[in-house]
Amino acid sequence: MRRPFAVSAVALMLATPALAQTPPPGEVPALHEIGTAPSAQRIRADIQTLVGFGTRHTLSETESATRGIGAARRWIFEEFQRISAACGGCLEVRYVSDTFTGPRVPQPTEVVSVIAIQRGASDPNRYVFMSGDIDSRVTDVMNATDDAPGANDNASGVAGTLEAARILSRHRFHGTIVYAALAGEENGLIGGAILAAEAQRQGWRVEAFLNNDMIGNSAGINGVTDNTTARVFAEGTRATETPAEARQRRFAGGEVDSPPRNLARYIDRLADQYVPNLDVMMVYRLDRFGRGGHHRPFNDLGWPGVRIMETNEHYDRQHQDLRDENGRHFGDTLEYVDFDYAAKLTALNAVTLASLAWAPPPPSEVTIEGAVTADTTLKWKRPPAAQAPNLAGYRIYWRLTDAPQWTHSRWAGDVTEFTLKNVVIDNYFFGVAAVAHDGTESPVVFPGAAGSFGGY
């Protein structure tokens, strides 16, 4: 059943100024439903199907109907088409590809990803993404023939992306959602780079990229078994920062308030409110130490990308030839995936995508002033009315500079400027979020270039 937009155009026209200044509700019932909707059984079935292709190595077989990355991507394409048929053709399913040569791709190879686009109704050029990686590997990254089941790394991410599409395709959104199964991750983050280049070519406004790489392992090599936490990796200073922007950041702050960091805070808050028994660990780093994932090509272009993944990894089950040695099993096989846990992390993604796509776009051109005064004033730009028909107003956030999460907020209403009386600018970090009539919010935007999510 499709969820109608929260407020009709007629209702908006009839709204009184007093009503417009009333804070929206503090929770969104539909997000509670989405937070428990993913099915562990469906995720298990999808992972089992992907494992059944033997290997999904980027350089593996492409012509076979039953083995290799070609068979895997065709099945994913067909599965997205089945999901689209169930929602009346609401998804545009297509391949995104390019021919690539590099250190881990010695011969020119067509690297093919699959995406499904769910177009937004009022702001279709604002995009939020969820991705998983199609490809798998064994110990030798160039071994394209041996069995590489890749059950957790990363059939779990693809299965989660498919499941999120099944759930969210039942609803309509203001912004556009892209569900992506990306190839070439193990051979150089190729699929992500190709998709990021496509987004840049098409002029898409990328609000968020959620990279899911390993969301199904709850028992770590460190001896910890935990199915109640997830990590969100988010880098700080924007890779595209100019010298002038760096100078501004030096005096105004923003190192810990980049769009990826505020996207991570957003995900953390949604987990606390809408996903039962799940807590987010925000990690202030691009990825695991010295490593990378498919969100990085989006970060490289200045867009907010984060990596969502399990908290406790088991390295015997990553990038390993299938074998048993001295009573230890090596290899990424189906029996070690925690499907309930994968469903929980899928719910985290689905809630985030829905909240982002239902909410108005983040405020742009946010500025702040208040030096040598007792008060702090923030200003921002409102989007065109047609682009944000559900906009109720804005909420101001602030926190102590060493606090990881926003701790204070104030409803400002439908304005483009607000002054916090007797809140000293020198003692806090500040930001602004756009709020819809149904209570969904954009991520918080830190003032200046360091925190900007981009314009309209």
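F446 counts as buried, at 4% relative accessibility; buried here means under 20% relative accessible area, exposed means over 50%, and partly exposed lies in between, with a 1.4 Å probe and protein chains only. The model before you is predicted: local features need pLDDT of at least 70 and side-chain atom pairs count only at pLDDT 80 or more, while totals for chains, interfaces and linings use all residues. Residues are numbered from 1 along each chain as its sequence is written, and side-chain values use heavy atoms, with hydrogens and water left out.

Let me turn to the aromatic rings. A search of the whole structure finds 13 aromatic pairs. Rings of Phe, Tyr and Trp (its six-membered ring) pair if their centres lie within 6.5 Å; planes under 30 degrees apart count as stacked, over 60 as edge-to-face, and the rest as tilted.

One of these pairs joins F173 and W358; the pair is tilted, with 4.7 Å centre to centre and 40° between the planes. F173 lies in the loop between helix 6 and strand 4 (175-182), and W358 in helix 11 (residues 339-358), so the pair ties together parts that are 185 residues apart in sequence. Helices (H or I, at least four residues) and strands (E, at least two) are DSSP runs, numbered from the N terminus. F173 is buried, with a relative accessible area of 2%, and W358 is buried as well, at 1%.

F446 itself pairs with F429 in an edge-to-face arrangement, 5.7 Å centre to centre and with 85° between the planes. F429 lies in strand 16 (residues 428-436) and F446 in the segment after strand 16, so this pair ties together parts that are 17 residues apart in sequence. F429 counts as buried, at 15% relative accessibility.

Ring pairs also link Y127, F129, W204, F209, F298 and W303 into a cluster.

Strand 13 (residues 391-400) and strand 16 run antiparallel and are joined by 9 bridges. G393 has V435 of strand 16 as its bridge partner.

Finally, helix 6 is mostly covered, with 18 of its 18 residues buried.

Methods
Two strands pair if DSSP finds at least two bridges between them.
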